[in-house]
Amino acid sequence: MRAKVDLGAIAYFGCNGAILFFLLAPIAIVSVFAVNPTPYISFPPVGFTFAWFAKFFANPDFINALWLSLKVATAVLVLSMLIGATAALALVRGNLPGARLATALFMSPLMLPAILTGLALFQIYLLVGIGRPIWGLVMGHTVVAVPYVIRTTLAVLHNFDRRLEEAAAALGADPVRVFLEVTLPLIRPGVIAGGIFAFIVSFDQFPVSLFLVVPKGETLPVVLFNYMKFDLDGAIAAASMVSIALALTVVILLEWMIGLRAYLKL
Amino acid sequence: MASNTAERVSPVSAQTRRVRKPTAVGWLIWPALLLFALFFVLPLGVLSVMAFLSGNPVNAPVHLTLRHFQRFFADDLYPEALWATLRIGFLTTLAALLLGYPLAHLMARAHSRIAHALLLMAVIAPMLTGIVVRTFAWMTLLQDRGVINTTLVALGVTDKPLKLMYNEFGTIVALTHIYVPFMVLTLAGVIGRVDERLEDAARSLGATRWQAFREVTLPLSLPGILAGSLLVFALSISAYVTPFLMGGTDVLTLPMLIYQQVSSSFNPNFAGALGLILLAVSLTLVIAYNKVLAGLAGEEVS
């Protein structure tokens, strides 16, 4: 009996160990190619070089794309936090007729294949004749990013103790002050968590960007993809490391600011 | 009649009416509504209309036509691409579920805060790494000169590199890796809400650990399985980068055809029709999913 239980536990943890290896090993291997000096991808590594990083940072296509991606993602972060937080407040506190329907609408970009959102925006920009401006790209990203902010803010609002606001009001605070000093600090973790998610969604956005970028004005994922169609060398690995470093910074910021645990409740 | 009753007990009715009436906060819905109207609902409407038009209505007079849909069914290429898209989506979802469930279970049942945080990091880190980067990682692993083939040849397991990519297999492996975190995060929340004491109760009544899991936790986590599967399926049928780079010439999916129509054939109308077909497929799935979920919820109540 005892041996049997242990066997089950070994299988359980062994299985999970293998799955974790499957998840993390491919990412770890990229770092090997980022510093391996061969001009093509080869294994095992034969040396150590920073040349690929130098190539990445010396290539204006990569750097311009990195800047554009960061700028777009920052704009998306701000826009989706503003739009998402106000929408979540209205949905929970506004007593709106059709609030459920509106929630379903606001969540639908998560379920709809993103390539359709990109195609649809491409078509309407084409028909209206505005071409493919950067603000159009930002709006496209915002539509697919804002559901995350709405979702995280809604989660916080649903666990919200309204007596805190009532207490503040009873103590003489006017509604604006109640909002600024009680409501806002309490929903802030949800808004920030959603905003960081929105940033990542935008920074890593491919299907929407694919249709909305112009040549020489492409975001980093699109530039990397186009490069990989013809070349598969360490420059991509170096670019990957730069992306991973940015992503890890975000994860650590996230854990530091609000704790990752909040994500499981979404 | 309702209003009569309401008038008679006026203080109560005033209160209920105040609850029903939109408050000033309700106005805050407008930025989001505008964003979605202009950049989501309207474009998708335009896409649907374009699919039935003969050309670009701005450039020249157009008429309604079904020819884009006829073209879809007239050439085997397109239904086959749809079928390949669905097949890849289905197999990716299945693989992501098989790999995601044990991990989600471990995460939901981890009692120590540190173990939980580390697991969550391990799941979220790949998610933050980006789709293009992760596809690159799999290319370095699976190509002929890649890590796996080099190792296999060096060990003498095989004398010729195995064809691990530029086919559906490689596409599905990479897509699974990319979408497992979505599955894990969806499932972990649901499994976490299943009361562990139910399993303990089943065990104390003589069930083995496996029986207790199969009869208690697994059925109760079914909504999570459905939600996660639907999410992964929706994501994988709209994947573009991974099938393109991992599939090579062997794999042709609907998103690849859609982009090709826009970028090289410049036929946005036909692209719209292809998009509409993809939309119809995913909508059917969402509706079927909701039906199944409602059915399950009903079963639980009864």
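I began with chain A and counted eleven helices and zero strands. Helices here are DSSP runs of H or I with at least four residues, strands are E runs with at least two, and both are numbered from the N terminus.

This is a predicted model: local features need pLDDT of at least 70, side-chain atom pairs count only at pLDDT 80 or more, and totals for chains, interfaces and linings use all residues. Residues are numbered from 1 along each chain as its sequence is written, while chains are lettered from A and ligands numbered from 1 in the order in which they are written.

I read the element order of chain A from the N terminus as α-α-α-α-α-α-α-α-α-α-α. The radius of gyration of chain A is 23 Å, well over the 18 Å that the globule rule gives for 266 residues, so chain A is more spread out than a compact globule. (The radius is taken over C-alpha atoms; the rule is 2.2 Å times the number of residues to the power 0.38.) I then boxed the C-alpha atoms of chain A along the principal axes and got roughly 75 × 70 × 30 Å.

Next I looked up Val262(B). I found Val262(B) in helix α14 of chain B, residues 254-263. Is Val262(B) buried or exposed? Val262(B) has 23 other C-beta atoms within 10 Å, so it is buried. (Buried means 20 or more such atoms within 10 Å, exposed 12 or fewer, partly exposed in between, with C-beta atoms placed from the backbone.)

I listed its contacts, leaving out residues up to four places away in sequence: Val262(B) touches Leu119(A), Phe122(A), Phe211(A), Pro268(B) and Ala271(B). (Contact means C-beta atoms, placed from the backbone, within 7 Å.)

Key. Contact = placed C-beta atoms within 7 Å.
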